[in-house]
Amino acid sequence: MKLLKIVPDNTNFDFVRLRGWAFGLTLALSLIAIGLTAWHGLNLGVDFRGGLMIEEKFPSTPPLDKVRSVVDGLGVGEANLQLVGDNHTVAIRLPAQEGGDEGATNAVVRKVETALGQQFPGATFSRYSTVSGKVSDELKWKGGLAVLFAILGIGLFAIFRFEWQFGVSTVVAIVHDLLMTLGFFALTQFDVDINIIAAGLTIIGYSINDKIVIDDRIRENMRRYRKMDMREIINLSVNETLPRTVMTSLTILLALAALLVLGGHVLRGFTAAMILGIVVGTYSSIYVSSSLLITLGLRADPAKEIAAAEAKGARPARDLP
Amino acid sequence: MLDFPRWKVVSIFVVLAALMALAIPSFLPERITERWPVKAPRINLGLDLAGGSYLLLEADTDDLAGSRLETMRDQVQAEMRRNQPRIEIGDISTRGGQLSFLLRDPTQVDAARERLLAITGSGAGMTGQRQWDISVVDTSRFIVKPTQAGLQQALDVAMETATEVVRKRIDALGTREPTIIRQGTNRIVVQVPGLQDPQALKTLLGKTAKLEFKLVDPTADPAQLVKGQAPIGSQVLKYPGNPQGIPFIAVKRSAIIQGSDVVDAQQSFEPQTNAPIVDITFNSQGGRKFAVVTQANAGKQFAMILDNEVISAPSIDEPILGGKAMIRGSFTVESANELAIALRSGKLDVPLKVVEESTVGPELGADSIRSGILASAVAVALVVAFMFVTYGRFGAYANIAVVINVFVILGVLAVLNGTLTLPGIAGFVLTIGTAVDANVLINERIREERRRGRSVLQSVELGYKEASRTIFEANVTHAISGIIMFVFGSGPVKGFAVVLLIGIATSVFTAVTFTRMLVVLWVRKNRPQTINI
């Protein structure tokens, strides 16, 4: 049986030479992402904004204008409507109710449901959620903190296991990945809810995964070819791990594609964020984080390396053809 | 490399089979597993899959501090007046979170301090810390201030009772398997699977259900009442159903009887009018008190007060000796029943407010399960096919590992009594995608070593050895983000993190140890000179 090889054997791309372009592109994209986020803002869901979200399922695609006029006619505040899922479901977002007590919120949910039920026979309620301003502030704060801790924790791990340059380059690459995700949400105006924080943290996890594999290979090659130039070592390492990087990203993307198409609308934003994260993460692993090591001045220090290798009980460094 | 003793092979199979077996009960209907002699481990479905209501309740701590201060004021007033010599106090206030009052006779400072110490306790509580700080300013003004420790302890006690009361009230509604957990210092999480309309539940939890009976003060002037002024020793309360026309009434400050004296409350109907009422039964102490007061005050009116609002004010026609009473008011059957439940379960010392709520309909939940299962199945199929066309036999080994891993994760989740949420299903799909990463790393390494001209045996050995370190490091960083998600995440995100973390742990075992065993068994048997990878 002839086996599939997505990346041919013994590739020899000069990734390091492209690093000027890569850094430029990365910087430009990051700035665009920041600009988009600042300009458009994020479409925060009820989790982070507070307020009320009702999802109503209709027998067929409902005319949004009519639904809007029904909800507006109830005098419950400015409604934000969105078709979701198979376009049979409408998500209605309303501001937090005056007074904020449960009675008021209940009344609004009832009112909306009754009114829609009368106007559109067969409409059924899917779910609703309300979040008070206090809790939404907390969720925002906790979510931000979680992302921050994840970046710091992983950066520290990389510094502890490797050299400080690996820690810095990894953190830079993660921040880039997260900025891209942020820009994506600003551009598409998808709902940013609590699940997106989970997606962000998972993106960090995967992106790191890629980088650790490459870093690990760089370290190994530094030991193996002690006289080789750092640029060559990095190019060699990235090329050697390229089949794996591409394979793994593809398998995860395949699994995510299944989730995106079949997983239902509740998870759609989450899956979209993950897919984007995997793509950008792969890019930043190949082009950004490893090349950054040169800029940061990583160089092989034979004496230290041998000592470290022997301390770990690994076989001594040797030159192979 | 080929050294893979039989006991190791056997134990790997036993461990995997056992973990997978633990997942079986979750696939069987509950009515079957119920009849098993031992309790079968089951995976719970989260509310987003099962449908139901989630409520986050928050206690109003300011209200608790305020009512605590008021109780202290009443105690101080009573204590100073009770014993001889009477200590006259005035200018009493509870503003600014502290109690302050003035002694009419500054020479009584020491006596007053002694009495204060008696009621505030010297070193109260389990921690032995003072609950109140007492200080004297300008020789005759006393300031009694609650200490932080005292407030904390009071909140703790109030939350403990509140959790209990919430549980009783929810149980009384007849819902199945509610989860009620205290969270942090002043919150309670309530999850009720299958509940579609949390309206009744929220109304019930929103009631503090503080019941008091107080005598009505007939001397009050209606014109003064409207302005909120009551005669000395009395207070003005709202009375929406007052037959006299104004929605206020004056009652004596001290209560005849309180909700804590109630042992039972039932909704029933008034014999003559058939109107819904609530029958209550007092404990023996309360019954005695009620008998004494109704004997002494025949012909007068008393007010039934719920949460500082008068619901009715019947007149005492004859002494009530049986320890029973009925509460009339403008009730419907439902509202009378709610009040009965609230009275039975006791009062909340601190009002609770819903700060977060979500309800998922059963249809959406069922949809989510269906699409989740479908997406997972397709994801497995795609990944399995991709791995096979890329790595052939070695891909097939990885695929066996992936499928086993899916069931192992379910088994571990069941043992941990974990909850599967919709993001948890996403975690599954991701784990499927990444579990094969370890095999990709190994197989790519084997390919590389083969290209370098090593023998089959050497390549396989080096592939597993060199890749293992990388796999370990990659999984640690992965676990870091998973743990952070678990610690900071709430509800569904936690569910995601749990699946992810279990997946990381089990996939290392299945993808590395288990596939290595399969490869070794094959190589040992066939001694291949060349491999297709």
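**Group meeting: a two-chain predicted model**

In chain A, buried residues account for 46% of the 321 residues. Buried here says that 20 or more other C-beta atoms lie within 10 Å of a residue's own, exposed that 12 or fewer do, and partly exposed falls in between, with C-beta atoms placed from the backbone.

Some ground rules. This is a predicted model, where local features need pLDDT of at least 70 and side-chain atom pairs count only at pLDDT 80 or more, while totals for chains, interfaces and linings use all residues. Residues are numbered from 1 along each chain as its sequence is written, and chains are lettered from A and ligands numbered from 1 in the order in which they are written.

I will start with chain A. Its secondary structure comes to ten helices and six strands; these are DSSP runs numbered from the N terminus, helices being H or I of at least four residues and strands E of at least two. The radius of gyration of chain A is 25 Å, well over the 20 Å from the globule rule for 321 residues, so chain A is more spread out than a compact globule. That radius is taken over C-alpha atoms, and the rule is 2.2 Å times the number of residues to the power 0.38. Along the principal axes, the C-alpha trace of chain A spans about 80 × 50 × 35 Å.

Chain A is divided into domain 1 (19-43 + 136-311) and domain 2 (51-131), with bounds from an automatic or database domain assignment. The C-alpha centres of these two domains of chain A lie 39 Å apart.

From the record, UniProt places "domain: Protein export membrane protein SecD/SecF C-terminal" at residues 114-297 of chain A, in an unreviewed entry. UniProt positions follow the numbering used here, feature names are shortened, and annotations may be inferred rather than shown by experiment. Residues 114-297 of chain A are 83% helix and 5% strand.

Now, where do the two chains meet? In total, 63 residues of chain B are in contact with 59 residues of chain A, contact being C-beta atoms, placed from the backbone, within 7 Å. On the chain B side, α12(B) gives the largest share, 16 residues.

Eight strands form an open, antiparallel sheet in the order β3(A)-β4(A)-β2(A)-β5(A)-β18(B)-β2(B)-β8(B)-β7(B); strands pair if DSSP finds at least two bridges between them. At the edges are β3 (80-84) of chain A and β7 (179-183) of chain B, each pairing on one side only. From one strand to the next, the twist averages 20 degrees. Between the chains, β5 (124-131) of chain A and β18 (352-360) of chain B pair over five bridges, and A:Val131 has B:Glu356 as its bridge partner. Helix α5 (133-161) of chain A lies across β5 of chain A, β2 and β18 of chain B, at about 70 degrees to β18(B). Axes are lines fitted to C-alpha atoms, for helices over the stretch in contact, and angles run from 0 to 180 degrees between N-to-C directions.

Last, a hairpin in chain B. Is strand β3 (89-93) of chain B buried or in the open? Of its five residues the number buried is zero, so β3(B) lies largely in the open. Three bridges join β3(B) to the antiparallel β4 (99-103) of chain B, with B:Ile89 opposite B:Leu103. Five residues separate the two strands, and B:Gly96 in the turn has a positive phi of about 65 degrees.
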